[in-house]
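Work through these exercises with the structure open beside you. Try each task before reading its solution.

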Amino acid sequence: MSTPVREIVARARRIPEHHRSFTETPETATKVHQIPPDLLAELTAEGLPRADTPDGPRYDNHDLASIAVTLRLPSPRFMGMRGWVAALRHGTAGVPVDYAVRLIPTCTGGCLDPGAPYRIHPGLAPLITEHPTDPARPVFTIRHRAQGESIELTGAPRQLIELLSKVEHYLVPSLDLREDLDFVRRTRLADCDLAARYLAAEAARLGVEARTSFGLLLAKPYSTGHSWLDIKVDGAWHPFDPLIGKMLANAGLTPPGEWPAHRSLGASFLRFADEPVELLEHCGVPVRLGFPTKRTPVPESP
(Lines give C-alpha, C1' and ligand atoms only; values in the text may rest on other atoms or scores of the structure.)
Protein backbone atom coordinates (compact mmCIF):
# COMPACT_ATOMS: atom_id res chain seq x y z
CA MET A 1 0.00 0.00 0.00
CA SER A 2 1.47 3.39 -1.00
CA THR A 3 2.32 5.86 1.75
CA PRO A 4 0.24 8.74 0.26
CA VAL A 5 -2.91 6.59 0.26
CA ARG A 6 -2.25 5.44 3.80
CA GLU A 7 -1.75 9.03 4.97
CA ILE A 8 -4.86 10.24 3.13
CA VAL A 9 -7.06 7.61 4.75
CA ALA A 10 -5.53 8.17 8.18
CA ARG A 11 -6.36 11.86 7.89
CA ALA A 12 -9.93 11.11 6.82
CA ARG A 13 -10.38 8.78 9.77
CA ARG A 14 -9.63 11.56 12.24
CA ILE A 15 -13.22 12.65 11.63
CA PRO A 16 -15.77 10.65 13.67
CA GLU A 17 -17.77 8.45 11.33
CA HIS A 18 -21.18 9.42 12.69
CA HIS A 19 -20.72 12.93 11.28
CA ARG A 20 -20.63 11.65 7.70
CA SER A 21 -23.42 11.35 5.12
CA PHE A 22 -22.82 8.32 2.94
CA THR A 23 -24.53 9.33 -0.28
CA GLU A 24 -21.93 8.98 -3.06
CA THR A 25 -21.71 5.90 -5.27
CA PRO A 26 -18.47 4.55 -6.74
CA GLU A 27 -19.71 5.84 -10.10
CA THR A 28 -19.99 9.36 -8.67
CA ALA A 29 -16.51 9.06 -7.19
CA THR A 30 -15.20 8.44 -10.71
CA LYS A 31 -17.43 10.71 -12.80
CA VAL A 32 -17.57 13.72 -10.49
CA HIS A 33 -14.49 13.51 -8.29
CA GLN A 34 -12.32 11.84 -10.94
CA ILE A 35 -11.14 9.10 -8.58
CA PRO A 36 -10.38 6.05 -10.75
CA PRO A 37 -11.96 2.73 -9.67
CA ASP A 38 -8.60 1.14 -8.88
CA LEU A 39 -7.61 4.07 -6.65
CA LEU A 40 -10.99 4.00 -4.90
CA ALA A 41 -10.49 0.30 -4.28
CA GLU A 42 -7.06 1.03 -2.80
CA LEU A 43 -8.47 3.74 -0.55
CA THR A 44 -11.30 1.43 0.54
CA ALA A 45 -8.91 -1.41 1.32
CA GLU A 46 -6.88 0.94 3.50
CA GLY A 47 -10.01 1.84 5.49
CA LEU A 48 -11.67 4.85 3.85
CA PRO A 49 -15.03 5.15 5.66
CA ARG A 50 -18.02 3.90 3.68
CA ALA A 51 -21.47 2.43 4.21
CA ASP A 52 -22.52 -0.87 2.68
CA THR A 53 -26.10 -0.68 1.39
CA PRO A 54 -28.31 -3.09 -0.57
CA ASP A 55 -27.51 -0.94 -3.62
CA GLY A 56 -23.76 -1.08 -3.08
CA PRO A 57 -21.16 0.95 -1.17
CA ARG A 58 -21.67 4.63 -0.46
CA TYR A 59 -19.02 7.23 0.39
CA ASP A 60 -19.04 10.70 1.94
CA ASN A 61 -18.96 13.63 -0.51
CA HIS A 62 -16.58 15.66 1.69
CA ASP A 63 -14.09 12.80 1.87
CA LEU A 64 -14.11 12.33 -1.90
CA ALA A 65 -13.79 16.05 -2.63
CA SER A 66 -10.89 16.44 -0.17
CA ILE A 67 -9.11 13.38 -1.54
CA ALA A 68 -9.44 14.60 -5.14
CA VAL A 69 -7.80 17.92 -4.24
CA THR A 70 -5.02 16.25 -2.25
CA LEU A 71 -4.19 13.99 -5.20
CA ARG A 72 -4.55 16.83 -7.75
CA LEU A 73 -7.25 15.00 -9.65
CA PRO A 74 -9.23 17.09 -12.18
CA SER A 75 -12.38 17.27 -10.04
CA PRO A 76 -14.66 20.33 -10.18
CA ARG A 77 -13.22 21.61 -6.91
CA PHE A 78 -9.60 21.22 -8.00
CA MET A 79 -10.27 22.81 -11.38
CA GLY A 80 -12.06 25.69 -9.69
CA MET A 81 -9.05 26.30 -7.46
CA ARG A 82 -6.97 27.17 -10.50
CA GLY A 83 -8.96 30.39 -10.79
CA TRP A 84 -8.22 31.27 -7.18
CA VAL A 85 -4.56 31.91 -7.96
CA ALA A 86 -5.27 34.72 -10.40
CA ALA A 87 -7.97 36.03 -8.05
CA LEU A 88 -5.52 36.44 -5.18
CA ARG A 89 -2.86 37.98 -7.39
CA HIS A 90 -5.31 40.49 -8.86
CA GLY A 91 -6.74 41.25 -5.43
CA THR A 92 -3.35 42.26 -4.05
CA ALA A 93 -1.81 44.00 -7.08
CA GLY A 94 -2.90 47.48 -6.02
CA VAL A 95 -4.65 48.24 -9.31
CA PRO A 96 -8.44 48.47 -9.84
CA VAL A 97 -10.30 45.54 -11.39
CA ASP A 98 -13.98 45.42 -12.32
CA TYR A 99 -15.99 42.28 -11.57
CA ALA A 100 -19.37 41.33 -12.96
CA VAL A 101 -20.79 38.46 -10.93
CA ARG A 102 -24.06 36.87 -12.02
CA LEU A 103 -26.09 35.04 -9.37
CA ILE A 104 -28.03 32.28 -11.10
CA PRO A 105 -30.47 30.49 -8.77
CA THR A 106 -31.62 26.90 -9.07
CA CYS A 107 -34.74 26.19 -7.03
CA THR A 108 -34.55 23.04 -4.90
CA GLY A 109 -38.14 23.12 -3.61
CA GLY A 110 -41.50 22.74 -5.29
CA CYS A 111 -42.57 26.37 -5.44
CA LEU A 112 -46.10 26.66 -6.82
CA ASP A 113 -45.54 30.23 -7.98
CA PRO A 114 -42.48 30.54 -10.27
CA GLY A 115 -43.06 34.27 -10.47
CA ALA A 116 -42.93 34.76 -6.70
CA PRO A 117 -40.27 37.26 -5.59
CA TYR A 118 -36.96 36.11 -4.18
CA ARG A 119 -36.01 36.98 -0.62
CA ILE A 120 -32.51 38.44 -0.68
CA HIS A 121 -30.26 38.36 2.39
CA PRO A 122 -29.78 41.89 3.80
CA GLY A 123 -26.01 41.64 3.44
CA LEU A 124 -26.33 40.87 -0.27
CA ALA A 125 -29.22 43.15 -1.25
CA PRO A 126 -27.30 46.49 -1.36
CA LEU A 127 -24.62 44.95 -3.59
CA ILE A 128 -26.98 43.81 -6.35
CA THR A 129 -26.88 46.26 -9.25
CA GLU A 130 -29.20 44.46 -11.68
CA HIS A 131 -32.35 42.50 -10.86
CA PRO A 132 -34.14 39.91 -13.03
CA THR A 133 -36.39 41.21 -15.77
CA ASP A 134 -37.70 37.79 -16.81
CA PRO A 135 -39.20 35.62 -14.01
CA ALA A 136 -38.56 32.54 -16.14
CA ARG A 137 -34.82 33.29 -16.23
CA PRO A 138 -33.97 34.94 -12.91
CA VAL A 139 -30.46 36.34 -12.90
CA PHE A 140 -29.10 38.86 -10.41
CA THR A 141 -25.89 40.79 -11.08
CA ILE A 142 -23.26 42.34 -8.85
CA ARG A 143 -20.87 44.85 -10.39
CA HIS A 144 -17.96 45.51 -8.08
CA ARG A 145 -14.70 47.39 -8.43
CA ALA A 146 -11.92 45.86 -6.35
CA GLN A 147 -8.53 47.34 -5.53
CA GLY A 148 -6.23 46.25 -2.75
CA GLU A 149 -2.76 45.35 -1.62
CA SER A 150 -1.52 42.84 0.91
CA ILE A 151 0.04 43.51 4.27
CA GLU A 152 2.06 41.18 6.49
CA LEU A 153 1.19 40.72 10.13
CA THR A 154 3.57 41.16 13.03
CA GLY A 155 3.28 40.82 16.79
CA ALA A 156 0.12 39.41 18.38
CA PRO A 157 -1.91 39.24 15.13
CA ARG A 158 0.82 37.11 13.58
CA GLN A 159 0.88 34.89 16.66
CA LEU A 160 -2.85 34.44 16.23
CA ILE A 161 -2.57 33.28 12.63
CA GLU A 162 0.30 30.95 13.48
CA LEU A 163 -1.95 29.01 15.87
CA LEU A 164 -3.05 27.10 12.75
CA SER A 165 0.42 26.53 11.33
CA LYS A 166 0.12 22.76 11.80
CA VAL A 167 -3.55 22.47 10.83
CA GLU A 168 -4.45 20.88 7.49
CA HIS A 169 -7.38 21.81 5.30
CA TYR A 170 -10.18 19.25 5.10
CA LEU A 171 -13.81 19.71 4.10
CA VAL A 172 -15.66 19.28 7.39
CA PRO A 173 -18.83 17.24 6.83
CA SER A 174 -21.32 18.54 9.38
CA LEU A 175 -22.44 21.78 10.98
CA ASP A 176 -21.85 20.28 14.44
CA LEU A 177 -18.16 19.91 13.69
CA ARG A 178 -17.92 23.38 12.15
CA GLU A 179 -19.03 24.77 15.50
CA ASP A 180 -16.76 22.47 17.54
CA LEU A 181 -13.61 24.51 18.07
CA ASP A 182 -12.00 21.74 20.08
CA PHE A 183 -12.21 19.55 16.95
CA VAL A 184 -9.38 21.68 15.52
CA ARG A 185 -7.20 20.99 18.56
CA ARG A 186 -8.00 17.26 18.60
CA THR A 187 -7.52 16.53 14.91
CA ARG A 188 -5.53 19.44 13.44
CA LEU A 189 -8.08 19.55 10.63
CA ALA A 190 -10.34 22.44 9.60
CA ASP A 191 -12.09 23.92 6.63
CA CYS A 192 -11.92 27.67 6.02
CA ASP A 193 -15.09 28.38 8.00
CA LEU A 194 -13.97 26.43 11.06
CA ALA A 195 -10.48 27.94 10.85
CA ALA A 196 -11.94 31.47 10.87
CA ARG A 197 -14.23 30.65 13.82
CA TYR A 198 -11.36 29.13 15.77
CA LEU A 199 -9.08 32.14 15.28
CA ALA A 200 -11.85 34.64 16.04
CA ALA A 201 -12.43 32.86 19.35
CA GLU A 202 -8.71 32.95 20.18
CA ALA A 203 -8.26 36.59 19.14
CA ALA A 204 -9.57 38.15 22.36
CA ARG A 205 -7.07 36.16 24.42
CA LEU A 206 -4.23 37.74 22.43
CA GLY A 207 -5.75 41.21 22.41
CA VAL A 208 -6.40 41.12 18.64
CA GLU A 209 -9.51 42.69 17.10
CA ALA A 210 -10.87 40.13 14.64
CA ARG A 211 -14.13 38.98 13.08
CA THR A 212 -15.34 36.14 10.89
CA SER A 213 -16.57 36.94 7.39
CA PHE A 214 -18.55 35.17 4.68
CA GLY A 215 -18.94 36.17 1.06
CA LEU A 216 -17.36 35.48 -2.30
CA LEU A 217 -13.85 34.72 -3.37
CA LEU A 218 -13.91 36.76 -6.59
CA ALA A 219 -12.55 34.51 -9.30
CA LYS A 220 -12.94 33.96 -13.03
CA PRO A 221 -14.78 32.05 -14.50
CA TYR A 222 -16.68 31.25 -11.27
CA SER A 223 -16.59 32.99 -7.91
CA THR A 224 -17.19 30.77 -4.91
CA GLY A 225 -18.75 31.15 -1.48
CA HIS A 226 -16.02 31.42 1.13
CA SER A 227 -15.31 32.13 4.79
CA TRP A 228 -12.26 33.95 6.12
CA LEU A 229 -10.94 35.96 9.07
CA ASP A 230 -10.73 39.76 9.13
CA ILE A 231 -8.15 41.38 11.41
CA LYS A 232 -8.19 45.10 12.17
CA VAL A 233 -4.80 46.73 11.60
CA ASP A 234 -4.33 50.50 11.91
CA GLY A 235 -8.08 51.04 11.93
CA ALA A 236 -8.85 49.00 8.79
CA TRP A 237 -10.09 45.44 8.31
CA HIS A 238 -7.80 43.10 6.35
CA PRO A 239 -8.78 39.58 5.19
CA PHE A 240 -6.73 36.50 6.06
CA ASP A 241 -7.18 32.84 5.23
CA PRO A 242 -4.59 30.77 7.11
CA LEU A 243 -5.25 27.64 5.05
CA ILE A 244 -5.70 28.76 1.45
CA GLY A 245 -2.01 29.36 0.78
CA LYS A 246 -1.08 25.86 1.93
CA MET A 247 -3.95 24.41 -0.11
CA LEU A 248 -2.79 26.06 -3.31
CA ALA A 249 0.86 25.16 -2.78
CA ASN A 250 0.07 21.54 -1.88
CA ALA A 251 -2.06 21.32 -5.02
CA GLY A 252 0.90 22.46 -7.11
CA LEU A 253 -0.91 25.64 -8.18
CA THR A 254 1.43 28.18 -6.56
CA PRO A 255 5.09 28.15 -5.49
CA PRO A 256 5.53 27.21 -1.82
CA GLY A 257 5.53 30.31 0.35
CA GLU A 258 3.78 32.64 -2.10
CA TRP A 259 0.82 33.01 0.26
CA PRO A 260 2.04 32.62 3.84
CA ALA A 261 -0.75 32.65 6.40
CA HIS A 262 0.32 36.04 7.78
CA ARG A 263 -0.05 37.74 4.36
CA SER A 264 -3.42 39.42 3.80
CA LEU A 265 -5.50 38.76 0.71
CA GLY A 266 -6.27 42.35 -0.24
CA ALA A 267 -9.44 42.84 -2.26
CA SER A 268 -9.86 39.20 -3.25
CA PHE A 269 -13.09 38.81 -1.25
CA LEU A 270 -16.52 40.44 -1.26
CA ARG A 271 -18.14 40.34 2.19
CA PHE A 272 -21.84 39.62 2.77
CA ALA A 273 -22.12 38.55 6.42
CA ASP A 274 -20.33 37.42 9.57
CA GLU A 275 -20.91 33.73 8.87
CA PRO A 276 -22.34 31.47 6.15
CA VAL A 277 -25.94 32.37 5.35
CA GLU A 278 -28.57 31.56 2.74
CA LEU A 279 -28.26 34.35 0.20
CA LEU A 280 -31.50 33.78 -1.70
CA GLU A 281 -34.81 32.11 -0.87
CA HIS A 282 -37.73 31.39 -3.18
CA CYS A 283 -41.15 30.59 -1.70
CA GLY A 284 -39.39 30.30 1.67
CA VAL A 285 -36.89 27.70 0.42
CA PRO A 286 -33.13 28.37 0.03
CA VAL A 287 -31.89 28.08 -3.54
CA ARG A 288 -28.58 26.86 -4.92
CA LEU A 289 -26.54 29.58 -6.59
CA GLY A 290 -23.95 29.65 -9.34
CA PHE A 291 -21.62 32.64 -9.62
CA PRO A 292 -20.29 32.96 -13.20
CA THR A 293 -17.86 35.86 -13.13
CA LYS A 294 -16.12 38.20 -15.56
CA ARG A 295 -13.06 40.22 -14.58
CA THR A 296 -12.04 43.33 -16.52
CA PRO A 297 -9.00 45.53 -15.85
CA VAL A 298 -9.88 49.19 -15.42
CA PRO A 299 -8.27 51.32 -18.17
CA GLU A 300 -5.68 53.75 -16.92
CA SER A 301 -6.69 57.38 -16.93
CA PRO A 302 -5.00 59.40 -19.71
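Contact here means heavy atoms within 4.5 Å. The model is predicted.

**Exercise 1.** Find which residues L48 touches, leaving out residues up to four places away in sequence.

*Solution.* Start at L48 and apply the contact cut-off of 4.5 Å. Skip residues up to four places away in sequence. The list is then V9, A12, L40, L43, Y59, D63 and I67.

**Exercise 2.** Describe the largest nonpolar core and name the element that gives the most to it.

*Solution.* Begin with the count: this core has 39 residues. Next, look for those with the most contacts inside it: I35, L43, L48 and I231. Then list the elements that give two or more residues; among them are α1 (3–12), α3 (37–46), α9 (192–203) and β11 (224–233). Of the elements, α9 gives the most, with 6 residues. Finally, look for a second core: a separate one of 22 residues includes Y118, L216, A267 and V287.

**Exercise 3.** Work out the order of the strands in the open sheet of 4 strands, and what packs on it.

*Solution.* Strands of a sheet pair through backbone hydrogen bonds. Here the order is β12-β11-β10-β13, and the pairing is antiparallel. Now find the edges: β12 (236–240) and β13 (269–273) each pair on one side only. The twist averages 50° from one strand to the next.

Take one pair in detail. β11 and β12 pair over 5 bridges. K232 stands opposite W237 in β12.

Definitions and conventions:
Residues numbered from 1 in each chain as written. Predicted model: local features only at pLDDT ≥ 70, side-chain atom pairs only at ≥ 80, totals over all residues. Heavy atoms only, no water. Core = buried A, V, L, I, M, F, W, Y, C linked by side-chain atoms within 4.5 Å. Buried < 20%, exposed > 50% of the residue type's maximum accessible area, 1.4 Å probe, protein only. Pairing = 2+ DSSP bridges. Axes fitted to C-alpha atoms, helices over the stretch in contact; angles between N-to-C directions.
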